[in-house]
Amino acid sequence: MGDQKMRHELINGLNGHLLGIKELIRKSLEAKKFAYCPYSKFRVGAALLTHDGTVFTGCNVENACFNLGICAERIAISKAVSEGYRDFKAIAIASDMCEHFISPCGGCRQFMREFGANWDVYLSKPDGSYVEMTVEELLPASFGPEDLRMKKVNIRNEF
């Protein structure tokens, strides 16, 4: 039980870096303040932790052509990828919803899954309370990059 409690209190990074879960959630709440959401008025912030302790933040950005908006989670991950990171430890997600924990949309779940199924996702409320899940728990029986490497049926010989 002590090990599990420690996991909930600290997210261990490399090089002796320790970042508290509450601190990661605080960073996602801060990122939410920069959301550009003039249409939905639904602010979302995300804070992504890499294994070396680097944190990338993101906020949702809407567009008058609604389907061109981008979620906070995808922005944080894209920022990290554009800086050369591909392996993530955790992401915290925040919104203004007080009665429910924020949960990533299906597109963001698949986007997170591209970078592995076994990293932590913290779904939070404005008061800092959170629920911890993994990408795999959010998107069970998922399709990932390793599935593209599996042997496939030769289409010409199928009939």
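Glu-23 is partly exposed, with a relative accessibility of 27%. The model is a predicted one.

- Glu-23 pairs with Lys-27 through a salt bridge of 3.9 Å, N to O.
- Both Glu-23 and Lys-27 belong to helix 2 (residues 21–32), where they stand 4 residues apart, about one turn of the helix.
- Lys-27 is likewise partly exposed, at 26% relative accessibility.
- A further salt bridge joins Glu-30 to Lys-33, with 3.0 Å between the closest N and O atoms.
- Glu-30 is partly exposed at 33% relative accessibility, whereas Lys-33 is exposed at 52%.

**A link between distant parts of the chain**
- Arg-113 and Glu-146 form a salt bridge through their side chains (2.2 Å, N to O).
- Arg-113 lies in helix 4 (residues 106–113) and Glu-146 in helix 6 (residues 145–148), so that the pair, 33 residues apart, links distant parts of the chain.
- Arg-113 is buried, with 6% relative accessible area, while Glu-146 is partly exposed at 33%.

**Nonpolar surface patch**
- Tyr-36, Tyr-39, Val-61 and Phe-66 make up a nonpolar surface patch that totals about 430 Å² of accessible area.
- Val-61 sits in the loop between strand 4 (55–59) and helix 3 (72–82) and is partly exposed, at 32% relative accessible area.

**Largest pocket**
- The largest pocket holds about 180 Å³ of space.
- Its lining comprises 16 residues, of which Phe-42, Val-44, Asn-60, Cys-71 and Glu-73 are closest to the centre.
- The lining has 10 nonpolar, 4 polar and 2 charged residues.

Notes. Residues numbered from 1 in each chain as written. Predicted model: local features only at pLDDT ≥ 70, side-chain atom pairs only at ≥ 80, totals over all residues. Heavy atoms only, no water. Patch = residues over 30% accessible without salt bridge, like charges linked within 9 Å, V, L, I, M, F, W, Y side chains within 5 Å. Areas by Shrake-Rupley, 256 points an atom, 1.4 Å probe, with all protein chains shown as cover. Salt bridge = Lys/Arg side-chain N within 4 Å of Asp/Glu carboxyl O. Helix = DSSP H or I, 4+ residues; strand = E, 2+ residues; numbered from the N terminus. Buried < 20%, exposed > 50% of the residue type's maximum accessible area, 1.4 Å probe, protein only. 1 Å grid on protein atoms, 1.4 Å probe; cavity = no way out; pocket = protein on both sides within 12 Å on 5 of 7 lines; lining within 4 Å. Points joined across faces, edges and corners; volume = space filled by probe spheres on them. Nonpolar A, V, L, I, M, F, W, Y, C, P; charged D, E, K, R; others polar.
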